[in-house]
Amino acid sequence: MAEPVSSERVKPERINIEADVLIIGGGTAGCLAAYEARQAGGEGLKIVIMEKAFIRNSGCLSAGMNALNMYINQGSPEDVVAYVRYDFCGAPVREDILLSVAVEVNETVALMEQAGLPIKKREDGRYLNRGKWNIEVNGSQLKPITASMAIEAGAEIYNRVYMTDLIIVNGQCEGAVGFGVRDGKFYVCRSKNTLICAGGAAGLWRSNSNGDAHHRIWYFPFNTGGSYAMCKRAGAQMTSFEVRIVPIRTKDTYSPTGTLAIGMNAPMVNALGQSFMREDPYYVERGGHTAPTLIRVLAFERETLAHRGPVVMDTTQGDPYKVAGLKSQYLDMSPCIVLYWGCNDIDPSKEPIEVDASDPAIVGAHAGMAGAWTKGTSRETSIERLYVSGDALGGAPSRFISGSWTCGRLAARAMVAALKDGDYQLADLDEAVIDDMENRTFGPLIAFTEKEKEGLWTDGTLMNGILPKQMEDRMQKIMEEYCGGRKQWFYVNETYLGIARKHIQRMRRTQLQYLCARDLHELQLAWDVINRLDVCQLVIEHMDYRKETRFPGYVNRTDYPDLDPEFDCFVNSVWDPVTDEVTCFKVPYDQLVPGDRTKESI
Ligand SMILES: Cc1cc2nc3c(=O)[nH]c(=O)nc-3n(C[C@H](O)[C@H](O)[C@H](O)COP(=O)(O)OP(=O)(O)OC[C@H]3O[C@@H](n4cnc5c(N)ncnc54)[C@H](O)[C@@H]3O)c2cc1C
């Protein structure tokens, strides 16, 4: 047994900041929110961004992107809504929010082009489109360009500050607290309005990649559910946590497949050489190779489960000119696949590309629907003065990059309008409240100084404490096996979910007190797992509540395999801090765009 190391904790320096607009997460939505807040609020407005990484390279855009998936190449904003509904097999979506984004999305893209984003053009000068709602970009520098919008707007940017909790006073949000992941300081930002856009949640389920490659997943691995967890803990109404995304992507590199499917017109083919989406009548009836995402995911799962895998995307039949351009397209977005092909002698014109299901992720702006519920199109949550955008906003999927930019701008306008409405003054706050928040923020570090006295094993791990990685492994195993992970091919039933609930509750209620962090890096990992566990609770309760299969491929319920008209609605929830229970309830769907919800309008 190693000798316990003595390390009395020094009280962290406290940094007090005041703002008119606090933005948590300087990503896609956050940077454009800062830009728009300056436009709408003028020079005097104090805009603060708290970013846990480094703003020029953080978030979903950090590896670059080669397409903007929301752009109106033809038709109207209403047609976009009809398309999103169709892509979710007619499920309820927040049409009001989608419309508000679609109306402005083209203007936002023009703004970004002016800011330096290279957008590919046709000979006639029009943007090069991929289908109706998508345009191609040379987006390797997408994040630095997006970040420049916030930097040039004069936002006060704090990099490497991990926000942990919101400050709620008299039911209103008045800022947030966090810690510096490098400097170890305690940051207290009081703000008249707070916007959360800290992305979605990766890493709830186990990664297919092991060891040092465990971060090689589809979703951005360092968005770990902070958006949702902070909103939930503040008492905000949440929505659609049963609508996770199961991404079918290139095997092992988990690079996007839209480049192959839409860009190359490469079909999914099974080991028998069958292009099942185009040949199997079940899929043909549902749209063939352009069937809704859910159906395409389900088809991949069924083929693999029936042992007709591996499933590939057949690039060998494609236009050789386009196939030759694949590498440069992926260098704009997911350079790892180009290295992978190089290392493994793969030539996509001669060899098809194998695809696989990545671990599920919880997102609100891509092909998933989870997030905070918002009032009308204000982006304000059920907590006053707390706003959300990007992946943090729920019920309105398929906004993607350009929609998240736009959504951030719209949130900023709403916040500035709220400021102009009255002379809002921040309440006096008892120092003891902030002291408590500080203790909670640094809790795992404090726990380590206590637990190390009780003894360490020879490898430096605690005899009577749990390190973040250990807790993350346990959480991911539970979610994988009992909450419809890839191991279960995304199938769940009430019994499995009951077991998941029991174990995740035990972790949250009795084991979190043993969570220890040996340094600031581990403190960050500790908060990642605290937040993820909070999101796991929402996912399990929402999945269990929706007693039907409305999102096949994503959540396949063996006990309720069909649609139930009773669930043609949103499932929302609120968490009770006293009982630690999540209460789910139904919220009616409001169809604004008329027409058959299971069909595209153009
Ligand atoms: C691999 C991948 C490929 C995609 N491909 C496309 C595509 O081709 N086309 C398209 O249009 N869309 C695509 N998308 C979707 C699009 O990128 C996202 O919908 C959008 O970027 C989400 O924006 P966001 O602002 O919510 O999140 P992000 O841009 O990820 O921003 C979140 C920010 O919050 C920070 N943060 C997280 N937690 C905290 C915390 N606790 N405190 C402080 N800061 C925090 C993060 O570091 C990050 O900077 C893709 C997404 C992924 C993951």
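The legends below describe close-up views of a predicted model. Residues are numbered from 1 along each chain as its sequence is written. Because the model is predicted, local features need pLDDT of at least 70 and side-chain atom pairs count only at pLDDT 80 or more, while totals for chains, interfaces and linings use all residues.

**View A. The shell around the ligand.** The ligand is surrounded by 38 residues, where a residue is near a molecule if its C-beta atom, placed from the backbone, lies within 6 Å of it. The closest are Gly-25, Gly-27, Gly-59, Gly-390 and Phe-400. Two or more residues each come from helix H1 (28–41), strand S2 (47–51), strand S3 (65–68), strand S6 (161–169) and helix H13 (400–421); helices (H or I, at least four residues) and strands (E, at least two) are DSSP runs, numbered from the N terminus. The shell is made up of 21 nonpolar, 14 polar and 3 charged residues, with Ala, Val, Leu, Ile, Met, Phe, Trp, Tyr, Cys and Pro counted as nonpolar, Asp, Glu, Lys and Arg as charged, and the others, Gly among them, as polar.

View B. Phe-400, found in helix H13, has a phi near 55°, a positive value in a residue other than glycine. Phe-400 counts as buried because it has 24 C-beta neighbours inside 10 Å, the criterion being 20 or more other C-beta atoms within 10 Å for buried, 12 or fewer for exposed, and partly exposed in between, with C-beta atoms placed from the backbone. Asn-170, in the loop between S6 and strand S7 (172–180), likewise has a positive phi, near 50°, but is exposed, with 7 other C-beta atoms within 10 Å.

**View C. The largest nonpolar core around Ala-150.** This core holds 185 residues, of which Ile-23, Ala-34 and Ala-150 touch the most other members; a nonpolar core is a set of buried Ala, Val, Leu, Ile, Met, Phe, Trp, Tyr and Cys residues joined through C-beta atoms within 7 Å. H18 gives the most to this core, with 13 residues. Leaving aside neighbours within four places in sequence, Ala-150 is in contact with residues including Gly-26, Cys-31, Ala-34 and Ile-157, contact meaning that the C-beta atoms of two residues, placed from the backbone, lie within 7 Å.

**View D. Helix H16 and its packing partners.** Helix H16 (residues 468–482) has 15 residues and reaches 21 Å from its first C-alpha to its last, close to the 21 Å expected at 1.5 Å a residue, a span taken as 1.5 Å times one less than the number of residues. Among its buried residues are Met-471, Met-475, Ile-478 and Tyr-482. The buried residues of H16 pack against helix H17 (494–511) and helix H18 (520–545). H16 is followed by Gly-484, whose phi is positive, near 65°.

View E. Domain 1 (248–357) and domain 2 (442–565) are given by the domain assignment of the protein, with bounds that come from an automatic or database domain assignment. Their centres, taken over C-alpha atoms, are separated by 32 Å. The contact takes 7 residues from domain 1 and 7 residues from domain 2, and helix H9 (residues 293–305) gives the most to the domain 1 side, with 6 residues.
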